[in-house]
Amino acid sequence: MAYDQSVTHVPRGSGASVGISLETKARICRYAIIAAVIVAWEIVPQLGLVPRLFLPSLSSTLAMLMAHSGDFAVQMLVTLQEVGMALVFACGFGILFGLWVGSTLTVRKALLPVVSALFAVPLVVLYPLFTAWFGIGSASKVVFASVYGLLPTVLGTAAGAQTIDRQLTQAARSMGATRLQQILWVTLPASVPTVLASFRLGGALVIVGVVVAEMMMSSAGIGFLLSKYRTQLNSSGVFAAIILILALAIGFDLAVQAIERRWTGGVRNKAARRPADAP
Amino acid sequence: MPRMTQATASIRKRHGTTMSVVGPDHPAADAGKTLDVRDLNHTYSVNGKTTQALQDIAFNVSAGRFISIVGPSGCGKSSLLMMLAGLLTPSEGRIAVGGRPLVKPDPTRVGVVFQDASLFPWLTARRNVEFPLFLRGVAKAVRREKAEEALALVGLERFADSLPHELSGGMKQRVSIARGLVQDPPILLMDEPFAALDEQTRITMGDELLRIWEKARKTIVFVTHGLSEAIYLSDEVLVLSGRPGRILDRVAIDLPRPRSLDMMAQPRFADLREAIWHMIKA
């Protein structure tokens, strides 16, 4: 008994560091690239190397953003609401549906080929139909983006649910778990990494779906604004809208990454916290 | 395939009659601890090719006994255990626990300990042990208390907050045993629980299991491919043949209890081992 209690392995520090670690070098390099892009964005148009219509300088873009901040904020809010609602539909439903499809053999065989085939269809061509059905307001954007983000979420989650350790679901079954309990308490936590990965992918597509839909046919939203400035040949307006859309996409990605870190980090922290009286 | 449907029909019929003859409130005092397997046959088909896995299996285990099932690999001993757990439906035959037929997993009657511990890696030892109670909607305080009791029984109360990957193989298997015991089922099924452990830990775990068994007063059905392990632990060893698995013999192990390691060196132990080995080899 004493014998096998002494075999708990605890990870030490992240290894001996000689000089600057690879991680730090990579980080410096990353920031340098971003800084270079920002500097180039300002200098290249200033020097007249590129016509200002094609690329307005960073300062004029930011000035545009400031001058019309109220309008940008209102339109951004519309887009955020649409993205939020579509995320709930696409990812919420997509994850649950994917878990069910992935963990049920017959359903998987029946439905997965259909979902995969649909994924190959360029859904954008259906957007005019969506506006006919749901109008050119927010509803059509939410529905379109939901469908757009749903398929990769379902496929990713189903793939994750399919590869979990079958022993775990069998153990749960031996404890009398119902089908729903197995999905919620075993399949879902066991496939968290793939679920988060597909949430990240699905969410990114939801943002794409909303913005593209707004650009094509709409009366509000940041995509609508971008489209409007384009027809007015207002380049700094277009670039200001692009900056906001980039910020939205990057913000979403960072949020999901934080969730991912929290999950894996939680496991790692507990690993480091050795039981007080262990040998 | 027609054979399978016939078999299913016959199971239904059997269950129907059993239910009417032996009701849920069987009067036998210790009936809850008895396991009764009758006329069990199992065939499965893969790509249209039908294979018989188990043939004419019939045995019973009385309350509080420790029995092992041994046999050559592929003889269907693990399948048999999964059937006793209600996880696999036999093509034909009847399994009753405490006088009542068992058709689906019922952790209040049968607890299962799997070969590779099968702990949920995202839950602490305590939450793993609580899990079967959680599924049944037991209140949090009660759950916690029972889980702590079970962990104390297997000597792991100090590791309640550890995650599975922080525990050694032997400790994981003890958590798994605690999880099997937590609902207090009269029968504990164990599917080669120590197979993945090293020799030394396996022997330690064997003694540990005997201690738990004596304290918890359970009926244990233990599947293993280790003959010494089976003889050392059991009151009786059920010897299965190669596929299709049939019961070759039930060998009563008349070594005195408590068992100790030096018994393995005794001639009686060697004789038993020799006898079982010959049965399996033939």
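This report describes an annotated region and a helix pair in chain A, and the domains of chain B, in a predicted model.

## Basis of the model

Residues are numbered from 1 along each chain as its sequence is written, and chains are lettered from A and ligands numbered from 1 in the order in which they are written. In this predicted model, local features need pLDDT of at least 70 and side-chain atom pairs count only at pLDDT 80 or more, while totals for chains, interfaces and linings use all residues.

## Chain A: annotated region and helix pair

An unreviewed UniProt entry lists residues 76-256 of chain A as "domain: ABC transmembrane type-1"; such annotations may be inferred rather than shown by experiment. The span is 85% helix and 0% strand (DSSP runs: helices H or I, at least four residues; strands E, at least two), and its end C-alpha atoms lie 20 Å apart.

Helix α7 (residues 138-162) of chain A packs against helix α10 (residues 192-216) of chain A at an angle of about 160 degrees, with the axes 8 Å apart; axes are lines fitted to C-alpha atoms over the stretch in contact, and angles run from 0 to 180 degrees between N-to-C directions. α7(A) is therefore roughly antiparallel to α10(A) (angles over 145 degrees). The contact of α7(A) with α10(A) has 13 nonpolar, 11 polar and 2 charged residues; Asp, Glu, Lys and Arg count as charged, Ala, Val, Leu, Ile, Met, Phe, Trp, Tyr, Cys and Pro as nonpolar, and the others, Gly among them, as polar.

## Chain B: two domains

The domain assignment, automatic or from a database, gives chain B domain 1 (2-109 + 185-281) and domain 2 (117-184). In chain B, 15 residues of domain 1 are in contact with 12 residues of domain 2 (C-beta atoms, placed from the backbone, within 7 Å). Helix α6 (residues 199-216) of chain B gives the most to the domain 1 side, with 7 residues. By class, that side of domain 1 of chain B has 10 nonpolar, 3 polar and 2 charged residues.

Key:
Parallel < 35°, antiparallel > 145°, perpendicular 65-115°, else oblique.
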